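Here is a quick walk through one model, taking the strands, then a pair of helices, then a few loop residues. Have the viewer open as you read.

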Amino acid sequence: MFEIREDRFRRREMADRLKIAFATAASGGLGLGAAWLAAGTTGATIYAGAAFYALFKERRISAKTREIYTNGSFLINQFEEVAENAGRMAEKVKIKPPPVFYSEHLMTPDNACTDGVNVIMGLNYAQNPTALETLTTLAHEIGHIKNRDSERNHILHAFELATYNSATVLLIGSFAAGPEEMRPILGFVWAMPVLGIGHHLLQKTVRKLQEFRADRLGVRISNCPLDMAMDLYNSPSTYPNSESCTLLQKFIRPHPPDSHRIKAIVQICKRVPDPVSGP
Ligand SMILES: [Zn+2]
(Lines give C-alpha, C1' and ligand atoms only; values in the text may rest on other atoms or scores of the structure.)
Protein backbone atom coordinates (compact mmCIF):
# COMPACT_ATOMS: atom_id res chain seq x y z
CA MET A 1 0.00 0.00 0.00
CA PHE A 2 1.56 3.24 -1.16
CA GLU A 3 -0.48 6.36 -0.75
CA ILE A 4 0.33 10.06 -0.96
CA ARG A 5 -2.36 12.21 0.60
CA GLU A 6 -2.21 15.55 -1.21
CA ASP A 7 -4.98 17.12 0.95
CA ARG A 8 -2.97 16.48 4.10
CA PHE A 9 0.01 18.40 2.74
CA ARG A 10 -2.25 21.30 1.87
CA ARG A 11 -3.68 21.36 5.37
CA ARG A 12 -0.19 21.14 6.83
CA GLU A 13 0.99 23.99 4.64
CA MET A 14 -1.95 26.13 5.78
CA ALA A 15 -1.11 25.35 9.41
CA ASP A 16 2.53 26.29 8.77
CA ARG A 17 1.44 29.58 7.21
CA LEU A 18 -0.72 30.39 10.23
CA LYS A 19 2.20 29.72 12.58
CA ILE A 20 4.53 31.88 10.47
CA ALA A 21 1.88 34.63 10.37
CA PHE A 22 1.59 34.45 14.16
CA ALA A 23 5.37 34.62 14.65
CA THR A 24 5.63 37.49 12.15
CA ALA A 25 2.79 39.47 13.73
CA ALA A 26 4.15 38.98 17.26
CA SER A 27 7.77 39.80 16.54
CA GLY A 28 7.56 41.87 13.35
CA GLY A 29 4.87 44.25 14.62
CA LEU A 30 6.70 44.81 17.87
CA GLY A 31 10.02 45.31 16.05
CA LEU A 32 8.63 47.62 13.36
CA GLY A 33 6.88 49.85 15.89
CA ALA A 34 9.95 50.08 18.09
CA ALA A 35 12.24 50.72 15.09
CA TRP A 36 10.00 53.59 14.00
CA LEU A 37 9.94 55.07 17.52
CA ALA A 38 13.72 54.71 17.90
CA ALA A 39 14.93 55.77 14.44
CA GLY A 40 11.95 57.14 12.55
CA THR A 41 11.21 56.22 8.93
CA THR A 42 14.81 55.13 8.17
CA GLY A 43 14.82 52.67 11.09
CA ALA A 44 11.40 51.35 10.13
CA THR A 45 12.50 50.89 6.47
CA ILE A 46 15.70 49.01 7.44
CA TYR A 47 13.68 46.90 9.83
CA ALA A 48 10.98 46.12 7.25
CA GLY A 49 13.71 45.06 4.78
CA ALA A 50 15.22 42.65 7.31
CA ALA A 51 11.77 41.30 8.23
CA PHE A 52 10.88 40.65 4.56
CA TYR A 53 14.15 38.82 4.06
CA ALA A 54 13.41 36.62 7.11
CA LEU A 55 9.89 35.94 5.80
CA PHE A 56 11.27 35.07 2.35
CA LYS A 57 13.65 32.59 3.97
CA GLU A 58 10.82 31.02 6.01
CA ARG A 59 8.73 30.64 2.86
CA ARG A 60 11.59 28.93 1.05
CA ILE A 61 11.96 26.47 3.93
CA SER A 62 8.20 25.84 3.80
CA ALA A 63 8.41 25.20 0.04
CA LYS A 64 11.28 22.76 0.64
CA THR A 65 9.22 20.88 3.25
CA ARG A 66 6.38 20.61 0.75
CA GLU A 67 8.76 19.27 -1.88
CA ILE A 68 10.06 16.61 0.52
CA TYR A 69 6.49 15.64 1.39
CA THR A 70 5.28 15.36 -2.19
CA ASN A 71 8.25 14.09 -4.17
CA GLY A 72 7.62 10.48 -3.17
CA SER A 73 10.52 10.02 -0.76
CA PHE A 74 7.92 9.82 1.98
CA LEU A 75 5.85 6.65 2.00
CA ILE A 76 2.67 7.08 3.99
CA ASN A 77 1.12 4.22 6.02
CA GLN A 78 3.10 1.73 3.97
CA PHE A 79 2.65 -1.06 6.47
CA GLU A 80 -0.82 -2.02 7.61
CA GLU A 81 0.43 -3.30 10.99
CA VAL A 82 2.10 0.05 11.72
CA ALA A 83 -0.99 2.03 10.70
CA GLU A 84 -3.13 -0.27 12.87
CA ASN A 85 -0.80 0.12 15.86
CA ALA A 86 -0.79 3.89 15.42
CA GLY A 87 -4.59 3.91 15.28
CA ARG A 88 -4.94 1.71 18.36
CA MET A 89 -2.48 3.75 20.45
CA ALA A 90 -3.92 7.09 19.28
CA GLU A 91 -7.35 5.90 20.35
CA LYS A 92 -6.04 5.18 23.88
CA VAL A 93 -5.09 8.84 24.33
CA LYS A 94 -8.07 10.11 22.32
CA ILE A 95 -6.28 11.76 19.39
CA LYS A 96 -6.67 11.30 15.63
CA PRO A 97 -4.47 8.44 14.34
CA PRO A 98 -1.31 10.02 12.91
CA PRO A 99 -0.26 9.04 9.37
CA VAL A 100 3.15 7.35 9.52
CA PHE A 101 5.76 8.38 6.98
CA TYR A 102 9.16 6.92 6.23
CA SER A 103 11.88 9.32 5.22
CA GLU A 104 15.54 9.20 4.27
CA HIS A 105 15.93 12.83 5.33
CA LEU A 106 16.24 12.28 9.09
CA MET A 107 19.54 12.71 10.95
CA THR A 108 20.05 8.93 11.23
CA PRO A 109 17.90 6.04 9.90
CA ASP A 110 17.07 5.26 13.58
CA ASN A 111 15.62 8.71 14.24
CA ALA A 112 11.93 9.48 14.37
CA CYS A 113 10.08 12.73 14.84
CA THR A 114 6.68 14.35 14.63
CA ASP A 115 5.37 17.70 13.37
CA GLY A 116 2.37 17.47 15.69
CA VAL A 117 0.17 15.76 13.09
CA ASN A 118 2.29 13.16 11.28
CA VAL A 119 4.91 10.71 12.55
CA ILE A 120 8.07 10.57 10.45
CA MET A 121 10.33 7.54 10.89
CA GLY A 122 13.82 6.70 9.64
CA LEU A 123 14.24 4.00 6.99
CA ASN A 124 15.54 1.41 9.50
CA TYR A 125 12.05 1.26 10.97
CA ALA A 126 10.67 0.42 7.52
CA GLN A 127 12.92 -2.66 7.46
CA ASN A 128 11.45 -3.86 10.73
CA PRO A 129 7.82 -2.69 10.73
CA THR A 130 6.54 -5.32 13.17
CA ALA A 131 9.41 -5.08 15.69
CA LEU A 132 8.51 -3.98 19.20
CA GLU A 133 11.10 -1.21 18.84
CA THR A 134 9.02 0.25 16.01
CA LEU A 135 5.93 0.09 18.21
CA THR A 136 7.57 1.83 21.17
CA THR A 137 9.11 4.55 18.98
CA LEU A 138 5.68 5.15 17.47
CA ALA A 139 4.23 5.29 21.00
CA HIS A 140 6.83 7.91 22.03
CA GLU A 141 5.96 10.12 19.01
CA ILE A 142 2.23 9.73 19.70
CA GLY A 143 3.08 10.90 23.23
CA HIS A 144 4.57 14.10 21.71
CA ILE A 145 1.41 14.64 19.60
CA LYS A 146 -0.89 14.11 22.61
CA ASN A 147 1.20 16.53 24.71
CA ARG A 148 1.06 19.15 21.88
CA ASP A 149 4.84 19.56 22.02
CA SER A 150 5.17 20.89 18.43
CA GLU A 151 2.74 23.72 19.18
CA ARG A 152 4.68 24.60 22.33
CA ASN A 153 7.92 24.71 20.32
CA HIS A 154 6.32 27.00 17.72
CA ILE A 155 5.33 29.44 20.47
CA LEU A 156 8.86 29.28 21.91
CA HIS A 157 10.21 30.03 18.42
CA ALA A 158 7.92 33.04 18.03
CA PHE A 159 9.05 34.25 21.45
CA GLU A 160 12.69 33.84 20.38
CA LEU A 161 12.06 35.91 17.22
CA ALA A 162 10.41 38.61 19.33
CA THR A 163 13.36 38.86 21.75
CA TYR A 164 15.93 39.00 18.93
CA ASN A 165 13.89 41.61 17.11
CA SER A 166 13.75 43.77 20.23
CA ALA A 167 17.55 43.52 20.53
CA THR A 168 17.92 44.51 16.85
CA VAL A 169 15.80 47.59 17.54
CA LEU A 170 18.27 48.56 20.29
CA LEU A 171 21.06 48.51 17.70
CA ILE A 172 19.11 50.53 15.12
CA GLY A 173 18.16 53.02 17.82
CA SER A 174 21.79 53.43 18.88
CA PHE A 175 22.93 54.15 15.30
CA ALA A 176 20.20 56.72 14.92
CA ALA A 177 21.18 58.39 18.21
CA GLY A 178 24.68 59.10 16.87
CA PRO A 179 28.25 58.26 17.94
CA GLU A 180 28.13 60.18 21.23
CA GLU A 181 25.44 57.86 22.56
CA MET A 182 27.22 54.49 22.67
CA ARG A 183 25.26 52.89 25.51
CA PRO A 184 22.66 51.06 23.40
CA ILE A 185 25.40 49.55 21.18
CA LEU A 186 27.22 48.24 24.25
CA GLY A 187 23.86 47.00 25.51
CA PHE A 188 23.32 45.21 22.21
CA VAL A 189 26.78 43.61 22.32
CA TRP A 190 26.18 41.91 25.62
CA ALA A 191 22.43 41.47 25.27
CA MET A 192 22.64 39.25 22.17
CA PRO A 193 24.76 36.42 23.63
CA VAL A 194 22.87 36.61 26.93
CA LEU A 195 19.53 36.39 25.09
CA GLY A 196 20.89 33.61 22.88
CA ILE A 197 22.23 31.51 25.77
CA GLY A 198 19.15 32.21 27.91
CA HIS A 199 16.82 31.14 25.14
CA HIS A 200 18.85 28.04 24.38
CA LEU A 201 18.75 27.00 28.05
CA LEU A 202 14.99 27.56 28.16
CA GLN A 203 14.47 25.52 25.00
CA LYS A 204 16.76 22.77 26.29
CA THR A 205 14.87 22.51 29.58
CA VAL A 206 11.52 22.39 27.77
CA ARG A 207 12.77 19.78 25.27
CA LYS A 208 14.16 17.63 28.06
CA LEU A 209 10.84 17.65 29.92
CA GLN A 210 9.03 16.91 26.64
CA GLU A 211 11.18 13.84 25.97
CA PHE A 212 10.66 12.37 29.44
CA ARG A 213 6.94 13.08 29.28
CA ALA A 214 6.63 11.48 25.80
CA ASP A 215 8.54 8.42 27.10
CA ARG A 216 6.19 8.11 30.09
CA LEU A 217 3.08 8.38 27.92
CA GLY A 218 4.64 6.06 25.31
CA VAL A 219 5.26 3.39 27.95
CA ARG A 220 1.65 3.68 29.09
CA ILE A 221 0.09 3.35 25.64
CA SER A 222 2.44 0.67 24.27
CA ASN A 223 2.73 -1.35 27.51
CA CYS A 224 6.31 -2.19 26.56
CA PRO A 225 8.66 -0.25 28.87
CA LEU A 226 11.54 -2.70 28.49
CA ASP A 227 11.37 -2.66 24.70
CA MET A 228 11.39 1.13 24.70
CA ALA A 229 14.49 1.09 26.91
CA MET A 230 16.09 -1.58 24.68
CA ASP A 231 15.41 0.46 21.55
CA LEU A 232 17.22 3.43 23.08
CA TYR A 233 20.02 1.13 24.19
CA ASN A 234 20.42 -0.66 20.84
CA SER A 235 20.01 2.06 18.23
CA PRO A 236 23.15 4.07 17.48
CA SER A 237 21.75 7.36 18.74
CA THR A 238 23.28 10.79 18.17
CA TYR A 239 23.38 11.29 21.94
CA PRO A 240 23.87 7.94 23.74
CA ASN A 241 25.13 9.04 27.16
CA SER A 242 26.29 12.10 29.03
CA GLU A 243 29.68 10.62 30.05
CA SER A 244 31.02 10.45 26.48
CA CYS A 245 30.32 14.14 25.79
CA THR A 246 32.30 17.28 26.48
CA LEU A 247 30.68 20.05 28.51
CA LEU A 248 30.15 22.11 25.32
CA GLN A 249 28.44 19.21 23.52
CA LYS A 250 26.20 18.69 26.55
CA PHE A 251 25.26 22.37 26.41
CA ILE A 252 24.54 22.41 22.66
CA ARG A 253 22.36 19.26 22.47
CA PRO A 254 18.69 19.94 23.11
CA HIS A 255 17.77 16.27 23.74
CA PRO A 256 18.45 14.53 27.06
CA PRO A 257 21.03 11.71 26.71
CA ASP A 258 19.60 8.22 26.03
CA SER A 259 21.20 6.90 29.23
CA HIS A 260 19.07 9.30 31.31
CA ARG A 261 15.93 8.32 29.41
CA ILE A 262 16.70 4.60 29.89
CA LYS A 263 17.12 5.19 33.64
CA ALA A 264 13.76 6.98 33.81
CA ILE A 265 12.03 4.17 31.87
CA VAL A 266 13.59 1.51 34.14
CA GLN A 267 12.14 3.44 37.10
CA ILE A 268 8.69 3.10 35.49
CA CYS A 269 9.31 -0.68 35.12
CA LYS A 270 10.00 -0.89 38.85
CA ARG A 271 6.65 0.71 39.58
CA VAL A 272 4.83 -1.57 37.12
CA PRO A 273 5.71 -5.14 38.20
CA ASP A 274 4.10 -6.83 35.18
CA PRO A 275 4.34 -4.58 32.11
CA VAL A 276 2.39 -7.00 29.89
CA SER A 277 -0.80 -6.79 31.95
CA GLY A 278 0.03 -3.36 33.38
CA PRO A 279 -2.21 -0.25 33.25
ZN1 LIG B 1 11.00 12.66 21.37
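In which sense do strand β3 and β4 pair, and over how many bridges? Strand β3 (residues 112-114) runs antiparallel to β4, and the pairing covers three bridges. Keep in mind that this is a predicted model.

## Around strand β4

Now for the side chains. In a regular strand they alternate between the two faces of the sheet. In strand β4 (residues 119-122), V119 and M121 point one way, while I120 and G122 point the other way.

## Helix α2 against helix α4

Two packed helices are described by the angle between their axes and the distance between the axes. For helix α2 (residues 80-92) and helix α4 (residues 132-146), the axes come within 10 Å and cross at roughly 40°. That angle is why α2 counts as oblique to α4. The crossing itself is right-handed.

Sorted by class, the contact has eight nonpolar residues, two polar ones and no charged ones.

## Two loop residues with positive phi

K94 sits in the loop between α2 and β2. Its phi is positive, about 60°, even though K94 isn't a glycine. Is K94 buried or exposed? K94 has 7 C-beta neighbours inside 10 Å, so it counts as exposed.

R148 is another non-glycine residue with a positive phi, near 55°. You'll find R148 in the loop between α4 and α5 (149-177). With 13 other C-beta atoms within 10 Å, R148 is partly exposed. How far is R148 from Q210 in sequence, and how far in space? R148 and Q210 are 62 residues apart along the chain, yet their C-alpha atoms are 9.5 Å apart.

How values were computed:
Residues are numbered from 1 along each chain as its sequence is written. This is a predicted model: local features need pLDDT of at least 70, side-chain atom pairs count only at pLDDT 80 or more; totals for chains, interfaces and linings use all residues. Axes are lines fitted to C-alpha atoms, for helices over the stretch in contact, and angles run from 0 to 180 degrees between N-to-C directions. Helices (H or I, at least four residues) and strands (E, at least two) are DSSP runs, numbered from the N terminus. Angles under 35 degrees count as roughly parallel, over 145 as roughly antiparallel, 65 to 115 as roughly perpendicular and the rest as oblique. A crossing is left-handed if the near helix is turned anticlockwise from the far one by less than a right angle, and right-handed if clockwise. Ala, Val, Leu, Ile, Met, Phe, Trp, Tyr, Cys and Pro count as nonpolar, Asp, Glu, Lys and Arg as charged, and the others, Gly among them, as polar. A residue is buried if 20 or more other C-beta atoms lie within 10 Å of its own, exposed if 12 or fewer, and partly exposed in between; C-beta atoms are placed from the backbone. Two strands pair if DSSP finds at least two bridges between them.
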